[in-house]
Amino acid sequence: MTFPASLAAALALAVGFAVVAVVPAVLGARLEDPAPPGAGRWRRAGMAPWVRVARALGQRRAPTLAADRLLGAAAVVALPVVALLMVALLPLAGFRLADSAVGLVWFNALDVLVWALFWLIGWGPNSVYPLIGGYRFLAQAMSYELPLMFAITTPAVAAHSLRFADIVAAQHGLWFVVWMPVAFVVFCLGVVGFSLLPPLNHPAGVDIAGGVGGELTGLARLSVSAGRYLLLTAGSATAATMFLGGGAGPLLPAAVWLVVKTLAVACALVAVRTVVPTIRADRFVEVGWLVLIPATLLQLLLVSVLVGMGVLP
Amino acid sequence: MGVRERITALALREVHVMLIERPGGALTRIAAERSLAARGWRVAGSAADADALLCCGEPGPELEPLVQALFVQLPRPRAEGRAQDPGEVAAALDQIAASLQSGDVAALPAQYQPAPAEHGDQPAAPDADTDMSDGDGDHTETAMDMDMGGDDMDHSDMDMDMGGMDMSGPGGIPLASGDQDRDGLEMDVLAVRLGPVLPAWPAGLVLSVTLAGDLISDCHADTLGLEAEGVLPLPVSRREQAALVADRISWLLLLAGARRAERRLRQVRDGLLDDAEIPWCTEQLRQLTRQVSRSLRWSLRDLGRIDQDAPQDAGGPLDWSGDVLDRLHRRLAGLSGMVAALADPAALRDAPDRASMTRAGLDLVCDAVCGLDLGAARLVIASIDIDLTGRIGSHPAAVSAGSGGSS
């Protein structure tokens, strides 16, 4: 592609991706609405993303004393950018912005970058609660990241490749979620973890007045909350690509299937909050290291054996 | 309609309001929460998240400087309202909307005009006033110099040259000094005030804690706003009493992130205020109890265990023994009993004993949270029924003039 064509493609991808991310944001707003039934909650939730943009546009900054503006602002801006970069290497129905033989490693590198971003967002305001939130996020990330890494290794082993297109092709006939349900669930948990969604929202908890982003105002607050939903959508699109066959499906075009699968995963992950209460970071450490890591290792072993025996392609 | 007006009109659909509750103003705060929900507005979790402040109850001389210091931390445009009783909430919110719509960003409400803490967009410097008042602890990084004894001089070169408070840190805020936490690790130590304005926090309670990292290493309880002037009439009806009990239990569910359970309990609370059928309330509470033991067992079990006999020693009125989950179940059972008694005219004798918090009780709360991280401490505090309004008019000085912390 020529440079202008690439630029146009990148812009189209970013805009389309942001539009898709509005759906889980609307669902999230609906679930957070404290109004009793029959108060027009869905209509209000539909407007919520635009209302929040308007609120952010009309609000002036209220910086805290002696804030680390450079690092704080850099992290705030980088969060949605990282989410956009995550989808850059996904095979989107024949259309692909860029391709790489190590697409999985790219995804992994970006999701580790999220560690630094959330910690810096907590560090920036020079305030107690956001800093505590930042450290809570690190503890949480320590617990979901290793299982997440083993989980993304599993499809790579089955497909003999780190390239997303090869992983999609290897699922021809049977989606990987059937072979590796544990890896799929753990991957989704990781997505919930790095987008700070409930039940893994302890770093942004109400007990520390909003935690990691609690001191943000105006556009900075918007950037972080939008970034969280973009991360969720990027993670869901990756899950759909790695475990749910990507764009494969009958009748409808591949792009539509990918969007449908992405939204199904994203909305399911948003809805988890209605069932599971917040998991505190210190409790989640136990889960991550004592349950998730052994489970993903067993899953990886099982898949490796199947591949070795030639049961899997 | 210009672009600016359109944006303002859109933003007014979801105004975030920070609620400041004077002890005794709980019913007003509940009315405000319900009114906000009906409008599609939200309760703000912090000053930075808020478009407006709403004082629930007359602030009084102790809380007034705090309200002012908080107000100047709100991002502009900002507005402020006051409601003395539940009937004034709607008008106050309308006034907030009008004030935000007018976009008069420069003007402060009249009572704030002489406020010395206003420095344009900058938050106030940590002088005595704001230090006291920053309810959500956001700008209060007042370091405690913990190395006076000189026993840890070898740990940190930072400690070498200062004998007292170091005011040379960024923005005039003293740097955090170091001390050993419970595991013997060298941690930054911060003195932070929790309350009196925090989400899901007992009105009027202020805990001065020393944080080593996010672990509470020292704690001292105080009260604020319990002075006799301007005290609101206490709720008299038994339905209102039950609703207030339900309200305080719902804080624990909110902090634990149990959304459905919390919403259900708030519906019961609102139903109690709205003359809902007693059998409906009882059934909701029964389902809630089951729901809670299913979903919260893992996260609340073995947290904040208090010895069986400690509450009696401390003069506490209620049974605080067991862990957070035990206390939650006991309080839910107590609430069910209160609700059941509402349906029984024979039980109309006298209202159940109000929980009356004593100095010893507050010290026990402090003991229970020492050594816990902030998140666990918030759950433990919310698991104990702390109602300071029982002190109003009786012995207001007994609590606030108490001396000495715990540990």
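Trainee: How many residues of chain A are in contact with how many residues of chain B?
Mentor: This is a predicted model, and the contact between its two chains can be read from either side. On the side of chain A that touches chain B, the residues divide into 25 nonpolar, 12 polar and 10 charged. Counted across both partners, 47 residues of chain A are in contact with 49 residues of chain B.

Trainee: Which helix gives the most to the side of chain A that touches chain B?
Mentor: Three helices of chain A, namely α2 (41–58), α5 (128–159) and α11 (281–309), each supply at least two residues of the side that touches chain B. With nine residues, the helix that gives the most to that side is α2(A).

Trainee: What radius of gyration does chain A have, and how does that value fit a compact globule?
Mentor: Chain A is built from 11 helices and zero strands, and its C-alpha trace spans about 60 × 45 × 45 Å along the principal axes. Among the contacts in chain A with a separation of 6 or more, 79% are accounted for by residues 24 or more positions apart. For 313 residues a compact globule would have a radius of gyration near 20 Å, and chain A agrees with this, its value being 20 Å.

Trainee: Which helices of chain A do the buried residues of α10(A) pack against?
Mentor: Helix α10 of chain A covers residues 254–271, and its 18 residues should span 26 Å at 1.5 Å a residue, which agrees with the 26 Å between its end C-alpha atoms. Its buried residues are A:W257, A:L258, A:V259, A:K261, A:T262, A:V265, A:A266, A:L269 and A:V270. The helices of chain A against which these buried residues pack are α1 (3–32), α8 (181–194) and α9 (218–243).

Trainee: What share of the residues in chain B is buried?
Mentor: Chain B has 14 helices and nine strands, and residues 24 or more positions apart account for 70% of its contacts with a separation of 6 or more. Of the 407 residues in chain B, the buried share is 49%.

Trainee: Are α8(B) and α11(B) roughly parallel or roughly antiparallel to each other?
Mentor: Two packed helices are described by the angle between their axes and the distance between the axes. In chain B, the axes of α8 (residues 278–295) and α11 (residues 324–342) come within 9 Å and cross at roughly 170°. Because angles over 145 degrees count as roughly antiparallel, the relation between α8(B) and α11(B) is roughly antiparallel.

Trainee: How many nonpolar, polar and charged residues does the contact of α8(B) with α11(B) have?
Mentor: From α8(B) the contact is made by B:I278, B:C281, B:T282, B:L285, B:L288, B:T289 and B:V292, while α11(B) brings B:L328, B:L332, B:L335, B:S336, B:V339, B:A340 and B:L342. Sorted by class, the contact of α8(B) with α11(B) has 11 nonpolar, three polar and no charged residues.

Trainee: Is B:R42 partly exposed or buried?
Mentor: B:R42 is found in strand β2 (residues 42–43) of chain B, and, not counting residues up to four places away in sequence, B:R42 touches B:E14, B:H16 and B:L36. The C-alpha atoms of B:R42 and B:M18 are separated by 8.6 Å, although these residues are 24 residues apart along the chain. A residue is buried if 20 or more other C-beta atoms lie within 10 Å of its own, and with 19 such atoms B:R42 is therefore partly exposed.

Technical notes:
Residues numbered from 1 in each chain as written. Chains lettered and ligands numbered in written order. Predicted model: local features only at pLDDT ≥ 70, side-chain atom pairs only at ≥ 80, totals over all residues. Axes fitted to C-alpha atoms, helices over the stretch in contact; angles between N-to-C directions. Helix = DSSP H or I, 4+ residues; strand = E, 2+ residues; numbered from the N terminus. Parallel < 35°, antiparallel > 145°, perpendicular 65-115°, else oblique. Contact = placed C-beta atoms within 7 Å. Nonpolar A, V, L, I, M, F, W, Y, C, P; charged D, E, K, R; others polar. Expected span 1.5 Å × (residues − 1). Buried ≥ 20, exposed ≤ 12 C-beta atoms within 10 Å, placed from the backbone. Rg over C-alpha atoms; globule rule 2.2 N^0.38 Å.
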